[in-house]
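Hi there,

Here is the structure I promised to pass on. Have a look at it first, and then read on for what turned up.

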Amino acid sequence: MSAVQYIVEGGQRLQGTIRPAGNKNAALPIVAAALITDQPVQLHNVPRIRDIETLVELIRTTGADCEWNGENSLRIHAREVRAADLDPAMCVRIRASILLAAPLLARCGTVTLSPPGGDVIGRRRLDTHFHVLQALGATYELGARFRFDTPGLVGADVFLDEPSVTATENALVAAVAAKGRTILRNAASEPHVQDLARFLVALGARIEGIGSNVYTIEGGLPLGGATHEIGPDHIEVGSFIGLAAVTRSTLRIERAGVEHLRSTLMGFEKLGISCQIDGDDLIVPAEQSRQMQNDLGGHVAKLEDQPWPAFPADTMSIAIVAATQCEGMILFHEKMFESRLYFTDKLVGMGARIVLCDPHRAIVSGPTQLRGGTVESPDIRAGMAMLLAALCADGTSVINNAQQIERGYERIESRLGALGARIKRVVLSAQ
Ligand SMILES: CC(=O)N[C@H]1[C@@H](OP(=O)(O)OP(=O)(O)OC[C@H]2O[C@@H](n3ccc(=O)[nH]c3=O)[C@H](O)[C@@H]2O)O[C@H](CO)[C@@H](O)[C@@H]1O
Ligand SMILES: C=C(OP(=O)(O)O)C(=O)O
């Protein structure tokens with residue numbers, strides 16, 4: 001992977017319309033789930049990001065045909081799939097490699113993978129994946145590599161020990177292939193989990209409860225092919241709301257998927273940032289109060305993340321940088337990941353007034369004029385948050401390790417460039 005650097009000139013007002021890409025975290029499980037059928041699958045609105053490119057490489061190693069037949073269109077045909085022993089170096093590049101467990105188990109009865117990678121934002125437990133696949137009739141061996149085997153998946157009534165997003169996705173795919181009825185309780189219901197479930201229904205699966213935390217799946221039905229369009233990325237929409245807010249710009253976010261934005265909009269309202277809804281578009285006006293709203297009685301407000309439908313964990317870093325440009329004080333409580341808030345140090349280095357209370361809580365007091373600086377992007381969302389900080393800072397900033405941002409955001413420098421942002425992308429070296 002090449003090392004990428006962004007050189008950002010701050011202080012530009014932006015203007016125009018931007019459309020969110022397809023949801024990264026929907027496209028990944030859907031591409032993986034395409035291996036469950038031997039019929040062709042045509043996907044549209046697939047984000048052209050590094051994580052998807054890695055997954056495409058990985059599924060080709062199983063024998064599946066996988067071709068881009070449009071800028072954001074991907075055709076997958078897993079006519080035959082080899083009993084898979086997935087390449088460790090590829091598995092470790094993305095979190096989503098674990099999503100190949102269920103479809104390959106269903107197709108081949110066995111799969112060997114390596115621990116997945118993804119953002120380094122705290123311990124990322126996989127226990128729920130193992131429990132749920134075991135409940136559906138798989139056995140596993142844990143070591144430097146993970147091996148799953150099954151003589152045949154069988155439906156079951158399963159209570160997930162936590163509503164893990166990717167574990168729910170593996171469970172849904174396994175349940176669709178399993179014989180008989182499965183009930184998944186305490187399951188995740190994020191927009192991307194819903195999108196995967198709708199894709200499976202398009203293949204011929206029967207799933208009830210989509211959007212809730214209890215799914216009932218009648219497994220073992222014959223599956224065909226399907227054409228499916230990936231939904232808009234609500235995390236990208238949250239990032240663009242933050243972008244408009246910090247650069248004091250009016251932006252129209254086209255086809256924003258407003259049905260999935262209630263908790264996001266409510267979170268930004270706490271910062272004094274309001275959006276207008278126009279059909280399926282969202283308009284973020286330049287004129288905003290940017291006055292953080294205290295709780296009743298004048299108490300300091302709190303913004304916390306939780307599983308869906310609460311405020312998304314992946315939008316927290318963006319909201320933190322937005323808060324540095326708003327007046328007042330707020331407590332951010334990152335409940336899900338242990339190391340996601342450490343990047344706030346880098347914002348402090350740029351002049352932000354942030355107290356990191358402990359690994360899960362940070363207090364932001366604003367507004368502050370940020371100064372340009374040289375920073376490293378530790379993960380996708382912190383990287384995007386620092387790009388926003390750089391765009392509203394005085395002077396020039398250098399963001400190193402920007403290939404992390406590109407794991408999740410498609411052509412971000414040129415898409416923001418079209419709005420007036422000054423971002424120069426430099427490829428430094430092959431790592
Ligand atoms: C490829 C993909 O889709 N990645 C997403 C997926 O990761 P992923 O599926 O890995 O995340 P999980 O939903 O499993 O869990 C995320 C973290 O939250 C913790 N947890 C989870 C549920 C809960 O009720 N309490 C709790 O503390 C887990 O222990 C874990 O530390 O979901 C995360 C949470 O939305 C997102 O940040 C990731 O972008
Ligand atoms: C944490 C994220 O991704 P992943 O789970 O793929 O590391 C993210 O998309 O913010």
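A word on domains before anything else: their bounds here come from an automatic or database domain assignment. Please also keep in mind that this is a predicted model.

With that in hand, let's start with ligand 1. Domain 1 (2–21 + 232–430) and domain 2 (24–229) both contribute residues to the shell around ligand 1, so this ligand lies between them. Of the 18 residues around ligand 1, the ones that come nearest are Asn25, Ser164, Val165, Thr166 and Met336. Two elements, H1 and helix H6 (165–177), each give two or more residues to this shell. H6 gives the most, with three residues. Sorted by class, the shell around ligand 1 holds ten nonpolar, three polar and five charged residues.

Now to ligand 2. Which residues are found around ligand 2? They are Lys24, Asn25, Arg95, Ala96, Gly118, Asp119, Asp314, Ile380, Arg381 and Gly408. The elements that supply two or more residues here are helix H1 (24–33) and helix H12 (380–392). Domain 1 (2–21 + 232–430) and domain 2 (24–229) each provide at least three residues to the shell around ligand 2. By class, the shell around ligand 2 splits into five charged, three polar and two nonpolar residues.

Four strands make up an open sheet with mixed pairing, in the order S6-S7-S9-S8. Strand S6 (84–85) and strand S8 (139–142) stand at its edges; each has a single partner strand, so one side of each is left without a neighbour in the sheet. S6 runs parallel to strand S7 (residues 110–113), and two bridges join them. Asp85 has Thr112 in S7 as its bridge partner. Helix H4 (residues 101–108) lies across S6, S7 and strand S9 (146–149), and runs at about 145° to S7.

Is His44 buried, exposed or partly exposed? His44 counts as partly exposed, because it has 14 C-beta neighbours inside 10 Å. Setting aside neighbours within four places in sequence, His44 is in contact with Asn72, Ser73 and Glu229. Ala188, by comparison, lies 144 residues from His44 in sequence and 24 Å from it in space, C-alpha to C-alpha.

Enjoy exploring it!

Best wishes

Methods. Residues numbered from 1 in each chain as written. Chains lettered and ligands numbered in written order. Predicted model: local features only at pLDDT ≥ 70, side-chain atom pairs only at ≥ 80, totals over all residues. Pairing = 2+ DSSP bridges. Contact = placed C-beta atoms within 7 Å. Axes fitted to C-alpha atoms, helices over the stretch in contact; angles between N-to-C directions. Buried ≥ 20, exposed ≤ 12 C-beta atoms within 10 Å, placed from the backbone. Near = placed C-beta within 6 Å. Nonpolar A, V, L, I, M, F, W, Y, C, P; charged D, E, K, R; others polar.
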